[in-house]
Amino acid sequence: LKLSFAGWRVWNKDVIARSGTEGAYWTSTGQGSYGRIFHFYEGYMETHHGYRASGISVRCIQALPEEL
């Protein structure tokens, strides 16, 4: 799996932030106006909440069944 350093759109501006240096992708969890984000840069990664109006990348990943 390859994830790019796509950056993200700042929710209240027409600006792309951190493109080429950081990446962020929505996870499948969240509540209300906030979603959970997988965020990474320079060998570091974390998850945290983010405002859903932000332009965070989406990458669909299907979980494999435990038994084939």
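**Entry 1: the core**

A nonpolar core is a set of buried Ala, Val, Leu, Ile, Met, Phe, Trp, Tyr and Cys residues joined through side-chain atoms within 4.5 Å. Buried means under 20% relative accessible area, exposed means over 50%, and partly exposed lies in between (1.4 Å probe, protein chains only). I am working on a predicted model, where local features need pLDDT of at least 70, side-chain atom pairs count only at pLDDT 80 or more, and totals for chains, interfaces and linings use all residues. Residues are numbered from 1 along each chain as its sequence is written, and side-chain values use heavy atoms, with hydrogens and water left out.

I looked up the largest nonpolar core. It has six residues: Trp-8, Ala-17, Ala-24, Trp-26, Ile-37 and Ile-56. I then took Trp-8 and listed its contacts (heavy atoms within 4.5 Å). Leaving aside neighbours within four places in sequence, Trp-8 meets Val-15, Ile-16, Ala-17, Arg-18, Glu-22, Ala-24, His-39, Gly-55 and Ile-56. Ala-17, Ala-24 and Ile-56 are among the core residues.

**Entry 2: the overall plan**

Next I checked the secondary structure. Helices (H or I, at least four residues) and strands (E, at least two) are DSSP runs, numbered from the N terminus. I found five strands and zero helices. Along the sequence the pattern reads β-β-β-β-β.

The C-alpha trace spans about 45 × 30 × 15 Å along its principal axes. The protein has 68 residues, and 22% of them count as buried. Of the contacts with a separation of 6 or more, 29% join residues 24 or more positions apart.

I then went pair by pair. Two strands pair if DSSP finds at least two bridges between them. β3 and β4 run antiparallel and are joined by six bridges. In this pair, Tyr-25 stands opposite Phe-38 of β4. The two strands form a hairpin with two residues between them, and Gly-32 in the turn has a positive phi of about 60°.

β4 and β5 also pair in the antiparallel sense, over eight bridges. Tyr-34 has Tyr-51 of β5 as its bridge partner. Here too I found a hairpin with two residues between the strands.

Most residues other than glycine have a negative phi. I therefore noted exceptions to that pattern. Glu-42 is not a glycine, yet its phi is positive, about 40°. Glu-42 lies in the loop between β4 and β5. Is Glu-42 buried or exposed? Glu-42 is exposed, because its relative accessible area is 76%.

Arg-18 is not a glycine either, and its phi is positive at about 60°. I located Arg-18 in the loop between β2 (16-17) and β3.

I moved on to His-39. It sits in strand β4 (residues 34-41). Its bridge partner in β5 is Glu-46. His-39 counts as buried because its relative accessible area is 9%.

Which side chain makes a polar contact with the side chain of His-39? I found Glu-22, at 2.6 Å. A polar contact is a pair of N or O atoms within 3.5 Å; within protein, one must be able to donate a hydrogen and the other to accept it, and residues adjacent in sequence count only if both atoms are side-chain atoms. Not counting residues up to four places away, His-39 touches Trp-8, Glu-22, Gly-23, Ala-24, Tyr-44, Met-45, Glu-46 and His-48.

Glu-22 is buried as well, so I noted its 9% relative accessibility. Then I searched the whole structure for salt bridges (a side-chain nitrogen of Lys or Arg within 4 Å of a carboxyl oxygen of Asp or Glu). The search finds one. The side chains of Glu-22 and Arg-18 meet in a salt bridge at 2.9 Å, N to O.

**Entry 3: Ala-53**

Last, I looked up Ala-53, in the segment after β5. Ala-53 counts as partly exposed because its relative accessibility is 32%. Not counting residues up to four places away, Ala-53 touches Arg-9 and Trp-11. I also checked its distance to Arg-18: 35 residues apart in sequence and 17 Å apart in space, C-alpha to C-alpha.
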